[in-house]
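User: Hi! I have a protein model open and would like to talk it through with you. Could you take a look?

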Amino acid sequence: MSRNMFAIADTCFLIDWARYRRRDILFQLFRAVFVPEQVLNEVKSENTIAWIAHGLAQGALALYTPSPDEIEEARRLIELSHLHPQMPSMDLPEALCLVIGRRRGYIVLTENRAALLAPRLLRELRGVKVWRALEILLEATKRGILRPDCDNPRSIFDEYSNDTLHIFPSKALNKAVEEVEKLCKQS
C-alpha cells in the first residue's frame, strides 16, 4: 500500500481514533481521509471536532459531499441490512462510507459491526476494503511508521486500547500480534 491511497471514515472510527495519542499516523498512511458530511453531523465530542478541524485545515482530512445517487444507493444498502438475517442494521453514515468506498476504491475506516460484515455478506460490496483501528495499527507497524516493542508485541495495540477504551476482538488481536512477532523476527 502506498501513501497515494485514500480512505473514508465513519463516525465511530473518528470518535475512537481522535482519542489515540498517535492519531496522526493515519495521515502518514493515507494521502487523504474523507469525512462525509453525514458523519460530521453526528460528531458531538469537542475533542473529536477539534481534531477533525485540525485535519481539515492541514488537508489530511477532506470533507466529502455525497451525490444524490450515492445517498440513494446507501439507503438501499440500509434496507438490505435490515433484511439480511446475519447482519446488524446500519445507519446512513456507515452505508455511505461503504458505497463511496466501493465506487471510488477508498478503504473504509470503521468500528461498526454491520459495516465490517457487509463486504462478506452482501454480494454488492465484495471487494470493498474495510479496516478497523487494528488493521491501521498493523499496517503502520509493517511500514515502519510505528516501531514495535519486540519484547512486548501487544504493546502497540494495548496503547490504543488504553487511550480509547476500545477492546479488540481477541481472535483478530492475536492474529495481529503474531504478525508483529514475525516482523520482529525478520529485523
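User: Where in the protein chain is confidence lowest, and where is it highest?

Analyst: This is a predicted model, and its mean confidence is lowest in helix H3 (residues 37–42), at 92. Strand S4 (residues 107–109) has the highest, at 98.

User: And what's the mean pLDDT of the protein chain?

Analyst: The mean is 94, and 98% of the residues reach 70 or more.

User: Is leucine 122 buried or exposed?

Analyst: Leucine 122 counts as buried because its relative accessible area is 5%, and the cut-off for buried is under 20%.

User: Which residues does it touch?

Analyst: Leaving out residues up to four places away in sequence, leucine 122 touches Leu77, His84 and Met87.

User: Switching to arginine 132. Where is that one, and is it buried or exposed?

Analyst: Arginine 132 sits in the loop between S5 and H8. Its relative accessible area is 15%, so arginine 132 is buried too.

User: What does the arginine 132 side chain make a polar contact with?

Analyst: Its partner is the side chain of glutamate 135, at 2.5 Å. Arginine 132 also touches Thr110, Glu111, Leu116, Pro169 and Ala172, again not counting residues up to four places away in sequence.

User: Since H8 came up, at what angle do H8 and H10 pack?

Analyst: The angle is about 0°, and the two axes are 11 Å apart. H8 is therefore roughly parallel to H10.

User: Which residues meet there?

Analyst: From H8, Leu134, Leu138, Thr141 and Lys142 meet Ala172, Leu173, Ala176, Glu179, Val180 and Leu183 of H10. By type, the residues of this contact are seven nonpolar, one polar and two charged.

User: Nice. What about helix H9, which residues are buried there?

Analyst: In H9 (residues 155–164), the buried ones are Ile156, Phe157, Glu159, Tyr160, Ser161 and Thr164.

User: What do those buried residues pack against?

Analyst: Three helices: H1 (11–17), H8 (133–142) and H10 (170–186).

User: And what comes just after H9?

Analyst: Leucine 165 is there, with a positive phi of about 65°.

User: One last thing: how far is leucine 122 from valine 35?

Analyst: Their C-alpha atoms are separated by 23 Å, with the two residues 87 apart along the chain.

Note on methods: Residues are numbered from 1 along each chain as its sequence is written. This is a predicted model: local features need pLDDT of at least 70, side-chain atom pairs count only at pLDDT 80 or more; totals for chains, interfaces and linings use all residues. Side-chain values use heavy atoms; hydrogens and water are left out. Buried means under 20% relative accessible area, exposed over 50%, partly exposed in between (1.4 Å probe, protein chains only). Contact means heavy atoms within 4.5 Å. pLDDT is the predictor's confidence in each residue, from 0 to 100. Helices (H or I, at least four residues) and strands (E, at least two) are DSSP runs, numbered from the N terminus. A polar contact is a pair of N or O atoms within 3.5 Å; within protein, one must be able to donate a hydrogen and the other to accept it, and residues adjacent in sequence count only if both atoms are side-chain atoms. Axes are lines fitted to C-alpha atoms, for helices over the stretch in contact, and angles run from 0 to 180 degrees between N-to-C directions. Angles under 35 degrees count as roughly parallel, over 145 as roughly antiparallel, 65 to 115 as roughly perpendicular and the rest as oblique. Ala, Val, Leu, Ile, Met, Phe, Trp, Tyr, Cys and Pro count as nonpolar, Asp, Glu, Lys and Arg as charged, and the others, Gly among them, as polar.
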